[in-house]
Every structure is written in C-alpha cells, then in structure tokens.
Amino acid sequence: MNEILVTEHLHKEYEGMTVLEDINLTVKKGEVVVIVGPSGCGKSTFLRCLNGLETIQDGRVLLDNEVINPGRKNLTKVREKIGMVFQSYELFPHKTILQNVTLAPIKVQKRDKAEAQKEALALLARIGLEGKKDSYPRQLSGGQKQRVAIVRALMMHPEILLFDEVTAALDPEMVREVLEVILALAKEGRTMVIVTHEMAFARAVADRIIFLDGGQIIEEAAPDAFFTHPQTGRAKKFLESFSYEKK
Amino acid sequence: MDINVLLEYLPLYGEAFLLTLRIGWLGILLSFFIGVACAFILYFRIPILRTIVKAYIELFRNTPLLVQLFFLYFGLPKLGFHISALSCGVLGLGLLGGSYMTEALRSGLEAVEPMQIQSALALSMNKRQIFAHIILPQAIASSMPPILANVIFLLKETSVFSAISLMDLMFTAKDLIGLYYKTTECLFLLVVFYILMLLPVSVLGSILEKKVRYAGFGE
Ligand SMILES: Nc1ncnc2c1ncn2[C@@H]1O[C@H](COP(=O)(O)OP(=O)(O)OP(=O)(O)O)[C@@H](O)[C@H]1O
Ligand SMILES: [Mg+2]
C-alpha cells in the first residue's frame, strides 16, 4: 500500500478531441516510471494532468489519496508534493540562480530565508554550480540551466518528480550531465515519472516502462523486457525508429 | 545676446522650471499608477471595468492634451467641481499619460511567456504570488523602453500648461517676450531649461533600461 500516485480511468480531451483515454497507472514510493512513445501521443499532456496543470474530463488523479483537480481549493497544497521539470527549463530570467531556487520555498512554504539558502547552496554544490549562485539564467549553458531547474524542484521537498523531455532542447554534449543528475536521484530512491526520448537512459533508469501511443497505454513492462522483447507491433515499430541500418 | 538679460531672467526661469518639474513628475507618477491599475484590469479581463478602461484609452489617446486641459479647467467647474490650475495640470498629464502607460504595460504583461506562469504554478505558487514575483517584474522590464519614451513625451507635453495660466517655462517665456521683446534671450533660456529637464531623464533612462531590460538581466 505504498503507492504515491494513482490515475484511474483518466480521460482527457482538447476541444472534443480525445488525447488520453482510460489511463490507469499506479506509481509506488521509490519507483521510477519512464514513459516513452511517439511524438504527439500525449506524454506531456499526461504529466500535466498529474499536477493539475490540465483539467481532465473523466477519471481521477490521486496523490497520497487526495484528488488532484484544477479548481479545487487545496490544489496548491497538493502540488507542493509534486515537482516538475520542463523541456525548456523555465528558470525565471529576472532572478539570480539562488533566487530562482529559493523563491517558492520562501514565498510558498514560508521557510526561513537563511535556512532555504543554505540548503540551496548545498544542492547547487552537489551539481557543481555553487559558483553560479549570483549569476542570471542567461549566463548559464542549457545543461547548467536544466540542472538548476532540477534543484529548484527539489527545494520544495516533493514526494514525486515529473520530468518532461528535460534533455530534448540540449546540445548532445550536455545531455549526459543532466541525465546523470537524474540517475543519482533514482539511486537515492526518489519517486519519479520521466518522459524521454533517450532510450539508453530510459533502460538504465527505469523500474518500469510505459509505452504510450494514440493516448493509450499500449504496453507496460520491465525495461529489459520492453527493449528486448516488445509485445506489440506498435512498440516494435517505435523502437525500430531509433536504430539505423545501412540499406 | 545680452548676458545681463539672461542673468536677470534666470531666477524667473528657475521658478518656472521647478513648477514645470513638479507638475511633470506628479503627473507622471499619477500616470504610472493609472497605467498599472488599467493594465491589470485589461490583463485579467475584469468585466465592465475593462470596457471603461478601453473607452478611456481611446478617448485620451485621440484628443490633444490642450483640449483635455481645457475640458478639465473650464469644463469641470461648470459641472460643479472646482480644481486649481496646478491640480488640473497634474490630473491632465496623469490621465493622458495613464492611457499611454496602460498600453506600454499591457504589452509588457502579454509578452510574459505562458510557460513561465506554468512553471510558477508547478512550484505551487498562487495567482497573487505569480503576478507579483513573476509576471509584473518581467512585464515592467520589457515595457521599460516605451515607459521611458512616455516619460519624455509627457515632460515635453508640459509646454501646453501655459494655456491654463500655469506659470511654467513656456508661460514665462511667452510672458517675458510679450513684455520686453527680448525674444532671443527668452527663447534661448527656454531651450536650455527644457534640455536641462529632459537630458538627465534620457541619460538616467538609458542606464536604467540597460539594467532592467529583459535581455539585460545579468549583464
Ligand atoms: N493546448 C492544446 N490544445 C489543443 N490540442 C493540444 C494542446 N496541447 C496538446 N494538444 C494535442 O494533444 C496531443 C498530445 O500532445 P502532447 O504534447 O501531450 O504530446 P507528446 O507525447 O508530449 O508529444 P512530444 O513527444 O512531441 O512532446 C497532440 O495531438 C497535440 O496536438
Ligand atoms: Mg511532449
């Protein structure tokens, strides 16, 4: 009974067009679930439903047995337990790195400023960026920005972290520095739901792979099983799209 | 040009300069508050108020300040509101400037990336916190160039205050020319004092702009 996040018959439409259909997923404490699937299959939308950034038309999302639903009064309270990292980093350009990562803990969680800054500096040191604390986001590389965005999410002490293609906007040489931070978090036993197009990373980090296609869960399997013996034709075809052959 | 005449008129111009500056800054301050309030109403699409704000903007952007001042100065008393020439100047400038400031701030507010708001929401910030800490600072920074242009425009507009017999720079110059015909000296002083008023704003403005402009964070 150590499940943190549950979706039951989640159904999502945009203007009458079904984007997610009957999604049932349970994420246990400490589990790393990786969602893969072709572009436009609804991965981002699914993550956004999980923290109430999107309304859903049917079904429910439960975090620690509390319903997440946009419009509910306690939404911000429940959201504190869910950290999210975006593809485009979304650091606040007008704030320094230190301000970026301490803003919400201080303003939302009303934590002591000095204490929050101390924790922030320790976390920044872990990713080797304590020297950048007074820099502005635009002075950082993409990889550095994304690692700061991860620290910003961690600063809220979330129970679960959502990652939406966090390396998709990065130059290839910066992908690894970000993925290694996430791998380290997985080792610590963090609960995470990760959307990625990095298949080698998915295989290494996942406890479970969800293959989403056309807004439905098509396959759900352990990583080795999924990558070596996909059960469906659609998954096979999807995985083949990542390999190259000289014709 | 007679240097003695210049020295003789200097105190008169000095006084007029201070008055012009006072009306100018009070009016600009007022226009800024009006701008923030109206931009807020437009941005959050507050019903009814939004229509009023739109009508206000159209009205004030499409009529000359002189006409607005005449209306305030001669029209309001007829409606039973008595107001001094000075308040009239401040109010007129504030209302005219407010319509321009609203537009500047509104475009700044709309330029804030929706994803910025999403990421603030994901950090479980509420609407008020997001507006105060994320949207407003970014909006002010990106509307800095039009705001500064408005400030300079408004300071220049003060030259029509003489029409409601405020003893501003323009009034003083016209008055002295009419009395003593020292046209060259009077106009020279007028130009000097206007430059004195506007140049610091321009210089300060461009420094400020560099400091806070969106692209300038961290330079
Ligand atoms: N705001 C929106 N309004 C209307 N339709 C949308 C909106 N956002 C997404 N969609 C549609 O919903 C579907 C799923 O989009 P989503 O962004 O979740 O896909 P994705 O799996 O994350 O794709 P990608 O791998 O390209 O990021 C797509 O068909 C998309 O066009
Ligand atoms: Mg996506």
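Modeller: A polar contact is a pair of N or O atoms within 3.5 Å. The structure above is a predicted model, and in it a backbone N or O atom of A:Gly42 lies 3.0 Å from an oxygen atom of ligand 1.

Colleague: Which side chain has an N or O atom 2.8 Å from an oxygen atom of ligand 1?

Modeller: That side chain belongs to A:Lys43.

Colleague: Which element gives the largest share of the shell around ligand 1?

Modeller: Helix H1 of chain A, residues 43–50, gives the largest share, with three residues. The surrounding residues include A:Ser39, A:Gly40, A:Cys41, A:Glu165 and A:His197. By class, the shell holds six polar, three nonpolar and two charged residues.

Colleague: How is the contact between the chains to be read?

Modeller: The size of an interface is often given as the accessible area lost when the parts come together. Here chain A and chain B bury about 2100 Å² between them, with 62% of it on carbon and sulfur atoms. Chain A brings 26 residues to the contact and chain B brings 21.

Colleague: How many residue pairs are in polar contact between chain B and chain A?

Modeller: The count is eight, with both residues at pLDDT 80 or more, whereas zero salt bridges are found across this interface. On the side of chain B that touches chain A, H5(B) gives the most, with seven residues. That side comprises eleven nonpolar residues, nine polar and one charged.

Note on methods: Residues numbered from 1 in each chain as written. Chains lettered and ligands numbered in written order. Predicted model: local features only at pLDDT ≥ 70, side-chain atom pairs only at ≥ 80, totals over all residues. Heavy atoms only, no water. Near = heavy atom within 4 Å. Polar contact = N/O pair within 3.5 Å; in protein donor to acceptor, adjacent residues only side chain to side chain. Helix = DSSP H or I, 4+ residues; strand = E, 2+ residues; numbered from the N terminus. Nonpolar A, V, L, I, M, F, W, Y, C, P; charged D, E, K, R; others polar. Contact = heavy atoms within 4.5 Å. Buried area = accessible area lost by both parts, 1.4 Å probe. Salt bridge = Lys/Arg side-chain N within 4 Å of Asp/Glu carboxyl O.
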